[in-house]
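This report describes one protein chain for a reader who is new to structural analysis. Please keep the sequence and the model in view while reading.

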Amino acid sequence: MGMREEIDAALQAHAAWRTRFKDYLSGRTAFDTELAGVTDQCAFGRWLAQEGNRLMPSELHGQIHEVHTEFHQVAGEIVRKIKEKRFDEVRQDLSAEGPFNQTSARLSDLLHKAS
């Protein structure tokens, strides 16, 4: 598989994780909330640590790793806010302008740049 296909697969893995997380938040599916803030347990994180590291220039890989970490920090924070019943803040975090979607968009932009 070439670099473009690898990155497309990584984008799909990121989108699938994001969808699963949103499905959990809306009550449609189960989700291990302990993993929300962990970067190396999602398929994309594992790809990034292995194949992504091999395929990308180190500077771009570092930027993607940084934004991926931020994305999981935001997700972990959302889970914490849900547990604390801070639902208004959760809705803001998940809005189009909120940190969840903004960080996800930055990650996707960087991956498109890499391909």
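The protein chain has five helices and zero strands, where helices (H or I, at least four residues) and strands (E, at least two) are DSSP runs numbered from the N terminus. Along the sequence the pattern is α-α-α-α-α. This is a predicted model, in which local features need pLDDT of at least 70, side-chain atom pairs count only at pLDDT 80 or more, and totals for chains, interfaces and linings use all residues. Residues are numbered from 1 along each chain as its sequence is written, and side-chain values use heavy atoms, with hydrogens and water left out.

**Overall form**

The C-alpha atoms fill a box of roughly 45 × 25 × 20 Å, taken along the principal axes. Buried residues (under 20% relative accessible area; exposed is over 50%, partly exposed in between; 1.4 Å probe, protein chains only) make up 37% of the 115 residues.

**The nonpolar core**

A nonpolar core is a set of buried Ala, Val, Leu, Ile, Met, Phe, Trp, Tyr and Cys residues joined through side-chain atoms within 4.5 Å. The largest one has 27 residues, of which Phe21, Phe44, Trp47, Ile64 and Leu111 touch the most other members. Two or more residues come from each of α1 (3–25), α2 (43–55), α3 (58–83) and α5 (99–114). The most come from α3, which gives eight residues.

Contact means heavy atoms within 4.5 Å. Beyond its neighbours within four places in sequence, Phe21 is in contact with Phe31, Ala36, Ala75, Ile78, Val79 and Phe100.

**Packing of α1 and α3**

The angle between α1 and α3 is about 10 degrees, and their axes are 12 Å apart. Axes are lines fitted to C-alpha atoms, for helices over the stretch in contact, and angles run from 0 to 180 degrees between N-to-C directions. The two helices α1 and α3 are therefore roughly parallel, a term for angles under 35 degrees. In this contact, His14, Trp17, Arg18, Phe21 and Leu25 of α1 meet Phe71, His72, Ala75, Ile78, Val79 and Ile82 of α3.

Not counting residues up to four places away in sequence, threonine 33 touches Tyr24, Val79 and Lys83. Lysine 85 has a phi near 60 degrees, a positive value in a residue other than glycine. Most residues other than glycine have a negative phi.

Technical notes: Angles under 35 degrees count as roughly parallel, over 145 as roughly antiparallel, 65 to 115 as roughly perpendicular and the rest as oblique.
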